[in-house]
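Subject: Structure for you to look at

Hello,

Here is the structure I promised to pass on. Please open it alongside this email, and then read my notes below.

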Amino acid sequence: MTRENITNIPGSRILIVDYGGQYTHLIARRIRELEVYSEIVFYRDLNRVNIEDYDAVILSGSHLSVKSLDEDAVETARKILMDGDKPLLGICFGHQLIGYLLGAKLSTGCSEYGRTTVEILNSDALFNGWSNSEVVWMSHGECIEDLPDSITLLAESENKVVAAIKAVVNNRVVYGVQFHPEVHHTVKGRRLLDNFLGIINAKRAWRTENYYRCIIDELSREVTKNGVAVVGVSGGIDSTVTALIGKKLFGDKLIPVFVDHGLLREGERELVVSSLEKLGLNPLVIDVGERFISKLEDSTDCEERRRVIGEEFARIFSEIIEKEGAEYFLQGTTYPDVIESGGTHKAASVIKSHHNVGGLPEWFRGRVKILEPLRLLYKDEVREIARLLGVPREIIERHPFPGPGLAVRVTGVFTRGKLDVCRRASKIVEDVLREYGLYSRVWQAFAVVGDDKWVGVKGDARSHGYIVTVRIVESVDGMTADYSKIPYDVLDEISRRITNSIQEVTMVTYAITSKPPSTIEPC
Ligand code: XMP
């Protein structure tokens with residue numbers, strides 16, 4: 001599904017303008033949970049979308065001050081507010097921006113952070129189901145005051161800060177809330193977003209089932225009948241679902257390709273090939289471990305390893321595309337990749353280059369048409385489609401695994417020895433979690449090996465071994481994550497098994513930093 005034909009998406013569509021706020025993607029998720037499609041666009045990219053294709057617009061939070069927003073952006077927001085006719089909801093910064101554009105005064109020195117109580121002063125459908133006083137989550141340094149007559153004050157905080165406003169501009173409603181309805185700490189936040197959708201008469205039809213049909217219909221119209229397509233499969237959920245979509249579109253003309261780059265988890269190749277075969281996706285297996293590892297050996301920079309691996313992947317796929325005369329290449333890109341990449345967020349720094357959706361080299365992109373049927377879906381939505389398509393549990397519940405594999409779990413110098421330790425230790429982490437029934441309750445669980453050493457005593461001898469860091473995280477979509485509060489006896493079992501069975505390891509540590517500020521993978 002491309003943005004050009006977004007109008008095929010069933011039901012209403014909400015556009016979320018991202019001003020750089022840390023919770024923007026949560027707004028998108030909450031709206032989708034309420035069965036309405038939502039899409040994020042970075043404010044500087046507003047010219048790339050057609051607001052007419054959407055039923056309402058949400059202006060998100062920001063680390064910026066309204067006063068520091070550039071003139072062009074203020075002008076664009078003014079046009080949306082003053083000339084447009086789509087219902088608007090401003091959240092935090094978006095609320096201040098609306099207030100400011102309607103003539104309220106911006107003030108500093110009114111910051112509120114965290115848990116705050118607000119009082120509803122004028123009842124409104126936006127607050128259906130709310131009591132007069134409710135707990136919300138605030139995170140702002142500035143606020144609006146001196147509201148003009150055109151703005152109705154709906155709620156204020158315990159600190160007498162304007163907490164919610166309403167106005168009618170061009171015969172449509174415009175709301176602003178200073179707090180964050182999208183975070184769980186705002187107790188009735190979900191209800192507020194639900195109310196907003198009710199007020200604008202949103203048609204709730206965003207169900208992955210409908211969306212799946214929509215993808216198939218649209219792509220069936222787009223692709224050449226009898227065209228040949230190549231899809232890279234890893235056994236992960238995204239590529240498996242992408243391949244099944246490809247199978248439906250291209251039938252026997254789909255060539256699933258599994259590249260064994262030598263950086264896989266233990267037993268992975270056998271497991272993946274047999275699971276894919278059960279789904280009728282008989283992959284062509286390309287055995288190129290030595291080719292990859294010899295190129296990576298002794299490299300010290302993870303990003304460089306990603307680049308080398310990306311380049312090799314592209315070369316291999318390009319050879320197959322050429323040999324088979326393929327017209328299409330299918331990729332399992334999902335929405336978080338698009339968001340974190342610059343797909344919606346041009347000013348965002350590229351956190352890790354995999355997030356760059358354009359990760360495929362330019363020369364590759366020019367050779368083949370690239371189809372990304374999942375690019376508007378979150379991972380849990382992909383999982384739902386997978387269930388619909390009868391993908392077995394072992395694939396649905398498998399933890400995400402990065403394309404460059406264990407190359408991003410060996411930090412510092414990349415050596416065959418460290419790769420082997422990483423692979424064996426990771427297997428132990430997964431095995432123990434399975435034995436304790438915890439594997440499918442966590443998002444990812446693995447081991448990391450760096451260059452640091454720790455003196456140990458094994459038997460009677462002093463040894464100088466690797467430190468293995470165990471990372472086990474919980475997450476909904478990989479965008480944020482927290483370390484899992486694994487019981488001590490499970491950690492203990494992991495640690496003992498690793499040090500007992502891997503001679504080269506003398507210390508096991510547990511990584512307890514959330515994302516942000518950390519990331520899930522170590523590099
Ligand atoms: P980070 O480490 O950025 O990871 O918090 C978020 C999610 O992305 C996966 N990841 C990758 N996936 N190629 C991929 O295909 C990569 O280079 C890569 N790096 C991280 C990671 O496993 C997690 O699920």
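Contacts between residues 24 or more positions apart make up 76% of the contacts in the chain with a separation of 6 or more. Keep in mind that this is a predicted model.

Now the chain as a whole. DSSP runs give 15 helices and 20 strands. The C-alpha trace spans about 80 × 65 × 40 Å along its principal axes. Of the 523 residues, 57% count as buried.

Find α8 at residues 289-296 and α9 at residues 302-324. Their axes come within 10 Å and cross at roughly 150°. Angles over 145 degrees count as roughly antiparallel. Therefore α8 and α9 are roughly antiparallel to each other. The crossing of α8 past α9 is right-handed.

Which residues in α8 meet α9? They are Arg291, Phe292, Lys295 and Leu296. On the α9 side, the partners are Arg305, Val308, Ile309, Glu312, Phe313, Arg315, Ile316 and Glu319. By class, this contact has six nonpolar residues and six charged ones. It has no polar residues.

Best wishes

Methods:
Residues numbered from 1 in each chain as written. Predicted model: local features only at pLDDT ≥ 70, side-chain atom pairs only at ≥ 80, totals over all residues. Heavy atoms only, no water. Axes fitted to C-alpha atoms, helices over the stretch in contact; angles between N-to-C directions. Helix = DSSP H or I, 4+ residues; strand = E, 2+ residues; numbered from the N terminus. Parallel < 35°, antiparallel > 145°, perpendicular 65-115°, else oblique. Left-handed = near helix turned anticlockwise from the far one by under 90°. Contact = heavy atoms within 4.5 Å. Nonpolar A, V, L, I, M, F, W, Y, C, P; charged D, E, K, R; others polar. Buried < 20%, exposed > 50% of the residue type's maximum accessible area, 1.4 Å probe, protein only.
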